[in-house]
Amino acid sequence: MIFGRSERGKPPVEPVTLKILVAGGFGVGKTTLVGAVSEIRPLRTEELLTEAGRPVDDTSGVEGKHTTTVAMDFGRITLREDLVLYLFGTPGQERFWFMWDELSEGALGAVVLADTRRLEDCFAAVDYFERRAIPFVVGINCFEGAARYPAQDVRQALDLDDGVPLLLCDARDRESVKEVLIGVVEHAMAYAAERRQAVTT
């Protein structure tokens, strides 16, 4: 960029910025997902798990987890020159759910990250976005050693509408996460177009 103009002689593009939420149960990989894809150093609000939290933080299935998000994770990714996503990872424990309303304000859509070993942990996130008509995709985080199930079985277990995309991903892998985020944007755009069409008919 030279004197406010790109090297190709074109004026700089003012990117469209979109807000995406990353939600799901405790220990499902939300912080990892945001960190894997963010082009800036992600903002994290993680604290050590303590004995005081033991009665309320169910670590079964994630016994190696020693920290937890207490407010949010924040990251940014540029998908194209004219499209930037701001990622907001929600806290997973029930006692922090009061923050979800603030974080969801102005969101284009969401990723509900799920772990097939503890699928019930993402029910609350699915319900939250369904009740508020916020378009979302479900990303099945493929943990090593976790059983693989047909997508239709997972869809049925989560009682998802047919229109909700269900994607397999690895929250540690940048390209895998990018595909999920592109899926959210595409689904949200299609969802908005459907709603506009319903209003005009």
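Biologist: How do I read aspartate 121: what is its relative accessible area, and what class does that give?

Modeller: Aspartate 121 has a relative accessible area of 30%, so it counts as partly exposed. The classes are buried (under 20% relative accessible area), exposed (over 50%) and partly exposed in between, with a 1.4 Å probe and protein chains only. Keep in mind that this is a predicted model, where local features need pLDDT of at least 70, side-chain atom pairs count only at pLDDT 80 or more, and totals for chains, interfaces and linings use all residues. Residues are numbered from 1 along each chain as its sequence is written, and side-chain values use heavy atoms, leaving out hydrogens and water.

Biologist: Which side chain meets aspartate 121 in a salt bridge?

Modeller: The general idea is that side chains of opposite charge can pair when their charged atoms come close. A salt bridge here is a side-chain nitrogen of Lys or Arg within 4 Å of a carboxyl oxygen of Asp or Glu. For aspartate 121 the partner is arginine 118, at 2.7 Å from N to O. Arginine 118 is buried, at 7% relative accessibility.

Biologist: How many salt bridges does the structure hold?

Modeller: Nine. One of them pairs arginine 117 with aspartate 115, with 2.9 Å between the closest N and O atoms. Arginine 117 is partly exposed at 39%, while aspartate 115 is buried at 2%.

Biologist: And what does arginine 172 pair with?

Modeller: Arginine 172 bridges to glutamate 144, the closest N and O atoms being 3.2 Å apart. That pair links distant parts of the chain, 28 residues apart: arginine 172 sits in the loop between β7 (166–169) and α5 (174–200), and glutamate 144 in the loop between β6 (136–141) and α4 (151–158). Those labels are DSSP runs numbered from the N terminus: helices are H or I, at least four residues, and strands are E, at least two. Arginine 172 is exposed at 51%, and so is glutamate 144 at 65%. Elsewhere, salt bridges that share partners join Asp115, Arg117, Arg118 and Asp121 into one network.

Biologist: At what angle do the axes of α1 and α5 cross?

Modeller: Roughly 100 degrees, with the axes of α1 (residues 30–37) and α5 coming within 9 Å. Axes are lines fitted to C-alpha atoms, for helices over the stretch in contact, and angles run from 0 to 180 degrees between N-to-C directions. The two helices are therefore roughly perpendicular, a label that covers 65 to 115 degrees, with under 35 roughly parallel, over 145 roughly antiparallel and the rest oblique.

Biologist: Which residues in α1 meet α5?

Modeller: Leu33, Ala36 and Val37 meet Arg174, Val177, Lys178 and Leu181 in α5, where contact means heavy atoms within 4.5 Å.
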